[in-house]
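I set out to record what I looked up in this structure, one topic at a time. The entries below are in the order in which I made them.

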Amino acid sequence: MPELLEKLSFYLDFPFVRYAIIVGVLVSLCSSLLGVTLVLKRYSYIGDGLSHVAFGALSIAAVLKITNNMLLILPVTIAVAVLLLCTGKNARIKGDAAIAMVSVGALAIGYLLMNVFSTSANISGDVCTTLFGSTSILTLRIEEVYLCVALSIAVLAVFILFYHKIFAITFDENFAQATGVNTTIFNLLIAVIVAVIIVLAMNLVGALLVSALVVFPSLSAMRVFKSFFAVTVASAVISVVCSLIGIVVAILAGTPVGSTIVAADIVAFGLFYSISLIQSKGV
Amino acid sequence: MPQIIFAVLILCAALFAKDPSDTKKYDIDLSRMSGTMVYGQVNQMVMYPQKYIGKHIRMKGIFSSYYDEELERRFYGCVIQDALACCSQGLAFEVAIPRRYPKEYPAEGDLITVEGDFDYEKDEGGGGFPIIRKATLSNQ
């Protein structure tokens, strides 16, 4: 144990490890907050769809040789998030079918573009690291860390400021509308925040594992806590703790960062599920 | 009494003093790091080479070499893979005492340890690449 602590303290001396921890904590915190709303609104799989869209946009940015690829990825992902979340009941292609279509479509087009207009000597490596986020969080530049901090603060501020409105449209959109809440604007706001979080989370766990960051902490918290506030707070704590454990284990054991974080989330879910079983038997 | 305390202190110092061979310092010892950390650190060295010029480095990795016909020069590298084994990062090295290739070099894919000084070699095109100079090479 002292050897592990010594090794960890040695690793913490490296700035890129500290950047990874800062970004990891912020991204997992933001994704877990919105995760509760998305799970309750039956949009659990939107993270997966949007991350594939972000992957497609990343490929286009690579083909067009755009240096700051965020300039393309963010607007494209936000636009698709708005389309998916705001067309709602009036859409010709409904919820899950639209997400599935966008998800596989963007993934396929992204991979196709990367292959046809290859700009790298190692396409499979680029695709692999984008999809599974093996080490991308350990290769962040300081500008990316600043961008992540700024976007995370914006997401947290919006969530705290509009907490009651988000709560209202999460549980009963029609009732919220009847009480004077402009649901269109708030659905739009949620769509934009979700897109921002997905793009940020891609650096942490990779496109294929983004859904886990959105879904697992919320579902774990829902096993034990019953009020919206308690679930949101617990979800945030679980998400941050699992991300920290995941990053630390990954750098100590040399495992892929993204999948180690998701593994920690799965363990937490098992733990909270067991607690809920014990609680129900106790009652 | 003071003499006894002094003798005990000398004895303790002797007991806890490190073996001189252990005190050999590296500015960056990549061989002590996990695969994920090595990947992150080598990425930093490739992205920001100026920060590392002159640092004494030790790394473990896979031996790789290629011959550049245009430059008529053979490059040797120590390559490490990421945790998913889909990406690799590596550093070129130049041995301190010249060897003949392939006779005196390890086989491609062999695990090697390289020690030497980090440098950045500029090429004619205005670019460049990081390289470990005055390197000692050991095959495992």
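**Ground rules.** I worked from a predicted model, in which local features need pLDDT of at least 70, side-chain atom pairs count only at pLDDT 80 or more, and totals for chains, interfaces and linings use all residues. Residues are numbered from 1 along each chain as its sequence is written, while chains are lettered from A and ligands numbered from 1 in the order in which they are written.

**Chain A overall.** I found 13 helices and 0 strands in chain A; helices (H or I, at least four residues) and strands (E, at least two) are DSSP runs, numbered from the N terminus. I then looked up the radius of gyration of chain A, which is 19 Å, close to the 19 Å that the globule rule gives for 283 residues, so chain A is as compact as a globular protein of that length. This radius is taken over C-alpha atoms, and the rule is 2.2 Å times the number of residues to the power 0.38. Along the principal axes, the C-alpha atoms of chain A fill a box of roughly 55 × 50 × 30 Å.

**α2 and α12.** I noted that α2(A) (residues 15–40) and α12(A) (residues 228–253) pack at about 150 degrees with axes 8 Å apart. Axes are lines fitted to C-alpha atoms, for helices over the stretch in contact, and angles run from 0 to 180 degrees between N-to-C directions. The two helices are therefore roughly antiparallel (under 35 degrees is roughly parallel, over 145 roughly antiparallel, 65 to 115 roughly perpendicular, and the rest oblique). Their crossing is right-handed: the near helix is turned clockwise from the far one by less than a right angle, anticlockwise being left-handed. Among the contact residues are Gly24(A) and Ser28(A) of α2(A), and Ser239(A) and Ser243(A) of α12(A); contact requires C-beta atoms, placed from the backbone, within 7 Å.

**α12 and α13.** I next checked α12(A) against α13(A) (residues 257–282): the axes come within 8 Å and cross at roughly 135 degrees. The pair is therefore oblique, and the crossing is right-handed. Ser243(A) of α12(A) and Asp265(A) of α13(A) are among the residues that make this contact, which divides into 10 nonpolar, 3 polar and 1 charged. After α12(A) comes Gly254(A), with a positive phi near 75 degrees.

**α10 and α11.** I found α10(A) (residues 183–205) and α11(A) (residues 210–224) packed at about 105 degrees, with axes 8 Å apart, which makes them roughly perpendicular. The contact includes Met202(A) of α10(A) and Leu213(A) of α11(A). By class, I counted 7 nonpolar, no polar and no charged residues there.

**Chain B loops.** Most residues other than glycine have a negative phi, and most peptide bonds are trans. I noted a cis peptide bond between Tyr101(B) and Pro102(B), with omega about 0 degrees. Pro102(B) lies in the loop between β4 (88–95) and β5 (111–122) of chain B. Glu72(B), a residue other than glycine, has a positive phi near 50 degrees, and I located Glu72(B) in the loop between β2 (56–68) and β3 (73–81) of chain B.

Methods:
Two residues are in contact if their C-beta atoms, placed from the backbone, lie within 7 Å. Ala, Val, Leu, Ile, Met, Phe, Trp, Tyr, Cys and Pro count as nonpolar, Asp, Glu, Lys and Arg as charged, and the others, Gly among them, as polar.
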